[in-house]
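Please open the structure in a viewer and keep the selection tool at hand.

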Amino acid sequence: MVAATIDTVNMVSSSLALCHEWLTTYGGSEQVAQRIAQALGIHDIFVFASRPGLRNELFPNDDVKDVGGILASRASRSWSPFLPLMPFAWRRVDLSGYELVVTSSHACTNSIRPPQNAVLVSYCHTPMRYAWDWRSEIKRVPSLLRPIWPFAAARLRKGDLRRSKRVDLFIANSLFVAGRIRKYYGRGSIVMYPPIDTEYWSPGGTKGDYFLWVGRTVPYKKPEAVIEAANLAGSKLIVAGSGPMLDELMRLAGPTVTFEPSPSRDRLRDLYRSARALVFAGIEDFGMTMAEAQACGIPVIAYAAGGALEIVKDGCGTLVGDDSAESFAESMRSFQDDFDRAVIVQNAQRFDAARFDTQIRELIDHAVNRRWQEINRRPEWFPKEAG
């Protein structure tokens with residue numbers, strides 16, 4: 001056995017490995033991977049590709065290995081063309097000697113072949129979008145590959161389903177993702193919400209006169225719907241984030257919309273604190289920006305689907321019935337600044353990072369000692385899986 005108690009997990013960190021998809025941009029999954037490594041004392045990190053600056057920022061004292069070989073340097077700039085090759089690269093990773101492997105998965109990390117007696121735990125941010133929901137992601141596929149992507153996606157789905165059977169325990173980042181894991185893989189999971197640093201993301205400052213959108217400018221997050229809504233409502237909107245849609249969004253924006261493509265962490269906190277509300281029209285697997293905003297005391301206007309249903313509770317924002325720009329424009333026009341900040345902040349405490357640390361340590365302690373029956377009882381502090 002790897003460990004008998006939670007404390008001894010850290011004592012044998014050389015027997016633990018973490019596999020994360022890639023370190024090319026800083027997003028929610030990277031924050032979760034960093035926290036998992038810190039909470040469990042994991043120092044051996046495997047990624048397909050990485051940017052040195054980001055790698056050193058997230059894992060400064062750890063051994064981070066790029067498994068993409070000669071493709072890693074190219075994939076660090078643009079990884080999507082290499083997606084069909086990633087399962088092969090992950091299969092070649094030598095994990096001999098590890099007794100526990102944790103994957104931070106939203107694409108191909110579960111292609112690994114852990115040692116025969118090792119325990120494989122997968123923290124699933126989402127089943128691979130490029131395989132299971134490829135139509136919503138097709139704009140992110142290189143144009144030359146788009147005509148053949150339906151066939152590539154079918155192959156990726158087949159492989160992803162096969163690989164899911166190797167996992168001993170799935171951790172889902174939301175009830176919504178737990179439902180997708182059951183739908184696509186036929187597997188149960190434990191729900192553990194991503195960690196939010198509620199000491200850092202906290203109230204302060206004075207209320208401003210603008211709405212806020214935060215995130216990577218990618219199609220499934222639907223930033224264009226929020227910008228169109230601001231144009232229709234004549235509302236001030238700040239778009240904080242960058243990505244492949246940024247130029248398109250700048251052309252779409254009217255005079256009330258401004259952009260901050262690369263705000264620092266402190267600047268983003270200031271933006272949260274002074275916003276009237278965070279606005280989000282996409283379907284998130286969880287939605288860490290919504291939780292961060294609430295930790296800063298601001299309400300959320302979100303499409304009533306996906307992770308928003310688990311984050312935006314009564315008194316903490318507004319859920320919009322459809323994702324059209326017209327509906328969001330109406331919500332922005334009629335928005336009233338009468339929310340109780342203390343209620344919103346208290347709601348965000350459900351996602352506190354210190355709580356995540358306790359949960360992941362206890363769950364891993366159960367897993368490495370193969371106490372599956374105890375895990376299946378689901379301690380009360382785990383949200384229960386949907387369905």
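The model is predicted: local features need pLDDT of at least 70, side-chain atom pairs count only at pLDDT 80 or more, and totals for chains, interfaces and linings use all residues. Residues are numbered from 1 along each chain as its sequence is written, and side-chain values use heavy atoms, with hydrogens and water left out.

**The seven-stranded sheet**

Select the strands β3, β2, β1, β4, β5, β6 and β7, which in this order form an open sheet with parallel pairing. Helices (H or I, at least four residues) and strands (E, at least two) are DSSP runs, numbered from the N terminus; two strands pair if DSSP finds at least two bridges between them. At the edges stand β3 (63–66) and β7, each with a single partner strand, so one side of each has no neighbour in the sheet. Next, select β2 and β3, which run parallel and are joined by four bridges. Here valine 47 stands opposite aspartate 66 in β3.

Helix α17 (residues 353–368) lies across β4, β5, β6 and β7, at about 150 degrees to β5.

**The six-stranded sheet**

Select β10, β9, β8, β11, β12 and β13: this is the order of an open sheet of six strands, with parallel pairing. Its edge strands, β10 (257–260) and β13 (317–320), each pair on one side only. From one strand to the next, the twist averages 25 degrees.

Within this sheet, three bridges join the parallel strands β11 (residues 277–280) and β12 (residues 300–303). Valine 279 has isoleucine 301 in β12 as its bridge partner. Helix α15 packs on the sheet, where it touches β8, β11, β12 and β13, and its direction makes about 160 degrees with that of β12. Select also helix α13 (residues 288–295), which lies across β8 (211–214), β11 and β12.

**Helix α9**

Which residues of helix α9 (residues 175–185) are buried? They are Val177, Ala178, Arg180, Ile181, Tyr184 and Tyr185. Buried means under 20% relative accessible area, exposed over 50%, and partly exposed in between (1.4 Å probe, protein chains only). Among the elements that cover these residues are β5 (119–124), α8 (149–164) and β6 (169–172). Just after α9, glycine 186 takes a positive phi of about 70 degrees.

**Serine 50**

Select serine 50, in the loop between β2 (44–47) and α3 (52–58). With 5% relative accessibility, serine 50 counts as buried. Its side chain makes polar contacts with the side chains of arginine 55 (2.8 Å) and aspartate 66 (2.9 Å). A polar contact is a pair of N or O atoms within 3.5 Å; within protein, one must be able to donate a hydrogen and the other to accept it, and residues adjacent in sequence count only if both atoms are side-chain atoms.

**Phenylalanine 339**

Finally, select phenylalanine 339, in the loop between α15 (325–333) and α16 (341–348). Is phenylalanine 339 buried or partly exposed? Phenylalanine 339 is partly exposed, with a relative accessible area of 25%. Leaving aside neighbours within four places in sequence, its contacts include Pro299, Cys316 and Ile344. The C-alpha atoms of phenylalanine 339 and proline 299 are separated by 7.2 Å, although the two are 40 residues apart along the chain.

Methods: Contact = heavy atoms within 4.5 Å. Axes fitted to C-alpha atoms, helices over the stretch in contact; angles between N-to-C directions.
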